[in-house]
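Colleague: I am new to this one. Can you walk me through how to read a few of its features?
Modeller: Gladly. Here it is.

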Amino acid sequence: MDSEDILARLQSIPGLTVVGEVASPFPGTRFFRLYFEQPADHRRPEGERFQMRATLLHRSVDAPVVLYSGGYGLGGFPSEYEPTRLLGANQLSLEHRFFGSSRPDSNDWKLLDIRQAAGDYHRIIQAFKPLYTGRWLTTGGSKGGMAAVYHRYFHPDDVDATLAYVAPNVHGLDDVRFVHFLNQVGDEDCRARLRAFQQDALRRREELLPFVEELVTSEGASFGLMGLDRALEFAVVEMPFYFWQYGNASRCAEIPAPGAPAEETFAFLEGIVGLDYTYGDLALDYFAAYYYQSATEIGWNRYPTRHLHGLLRYPREDVPTTYLSFPVEERFDHGLMLRVEQWVRNQGERMLFLYGDHDPWSAGPFEVRERNDSFRFYVPDANHTNARIVRLPEPERTLALSRLFTWMGVTPPAAAARALAAEAVEDAAPVVEGRSRL
């Protein structure tokens, strides 16, 4: 009965449009593409509206619901993230406002803030709860994990628990904690290789610029906003951050030594950073909402540059407003992230945070208190893409699983079997969907 009439029951939810159904590769599930109508401004719900993209992996109306967001655009194909597998849950996935097609026609950037995005979560949860009456969990990786935290800050009782993966809380627009992290992660030999590579690349930028130009002529890349030279410099400055964010110490031996052929040097830089994906016009347009949020609320990290003194042509220009094609009128709210951080530490209940111990974003972790039944774990030898519960060592893994199962009302025997199955396929569904700056 549940499987046969779920489509009709979805179609009865006010504001929800079922775009279509796609075959699901996960046994016992159905997958639907959706649009959900949201107010552009939750303070004026009768005003402008927009259609937020969403997807639903449906198992049963009696199963728990995992509300997932990556914090950016939304892929339209079936996915099953770690908590969905562990809990045998339904998965409702959301596109973040102002990404993809999920934006109001007015394109009023003042409507992009964490309170408005939290309101999006709140409305869709309230719309789906009459259908899915079990327990609810919010989750997400990186910026999506941050969005889940912000939702709990504004609407703490909407869901039963939150599981945030690799979600930093950045202090201001020049957070030096990330500099300290990069000056300590790995061993000194690897860090010295990275510093020497950066110095060599900047001294030889005239040799490397033709390779950036080749991206334009052969691959159709465009650097109209950033400029070729500035894109190259930013890539060199940020390279160690990406090296650890998406890689590990196994790549230290691959770092070209100073004086290596220019082609080899650029190939390594491009393989780590991806200039077109990070600084190209199409990428900057896609990620504009992230840069706007960074410039107004969620903050920005500093990169180590002391060893590059005298080699930089664009010092202090690597800030979020540089990545935007329009001026930012709103002033940065210096107190907001500190207020969220304080709430999580003092009042956040049933919250679980996972970080990769080699991920630079772990330099800005949320703090929790076990007296609030909240926990924080660091996954050994993990970066920004592979920090998962099933990769925790014992006894941390057992503790994390037991709290998750208790919060969500899942019986441990069945959940334990799912945990083992999840461990076997842990690389099949990364907690961070695709590569992004955050």
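Modeller: Start with a definition. Helices and strands are DSSP runs, numbered from the N terminus. Keep in mind that this is a predicted model.

Colleague: Where does Val-166 lie?
Modeller: Val-166 sits in the loop between β7 (161–165) and α5 (177–182).

Colleague: What is the phi of Val-166?
Modeller: Near 40°. That is a positive value, and the residue is not a glycine.

Colleague: Is Val-166 buried or exposed?
Modeller: Buried means under 20% relative accessible area. Val-166 has 0% relative accessibility, so it counts as buried.

Colleague: Which loop holds Asp-373?
Modeller: The loop between β8 (351–356) and β9. Asp-373 is not a glycine either, yet its phi is positive, about 60°.

Colleague: Now peptide bonds. What kind of bond joins Glu-394 and Pro-395?
Modeller: A cis peptide bond, with omega about 5°. Pro-395 belongs to the loop between β9 (375–379) and α14 (396–408).

Colleague: Next, a helix residue. Which helix is the place of Gln-245?
Modeller: Helix α8, residues 228–246.

Colleague: Is Gln-245 buried or exposed?
Modeller: Apply the cut-off again: under 20% is buried. Gln-245 has a relative accessible area of 0%, so it is buried.

Colleague: Which residues is Gln-245 in contact with, leaving aside its neighbours within four places in sequence?
Modeller: Read the list in runs. Asp-359, Pro-360 and Trp-361 are among them.

Terms used. Residues numbered from 1 in each chain as written. Predicted model: local features only at pLDDT ≥ 70, side-chain atom pairs only at ≥ 80, totals over all residues. Heavy atoms only, no water. Helix = DSSP H or I, 4+ residues; strand = E, 2+ residues; numbered from the N terminus. Buried < 20%, exposed > 50% of the residue type's maximum accessible area, 1.4 Å probe, protein only. Contact = heavy atoms within 4.5 Å.
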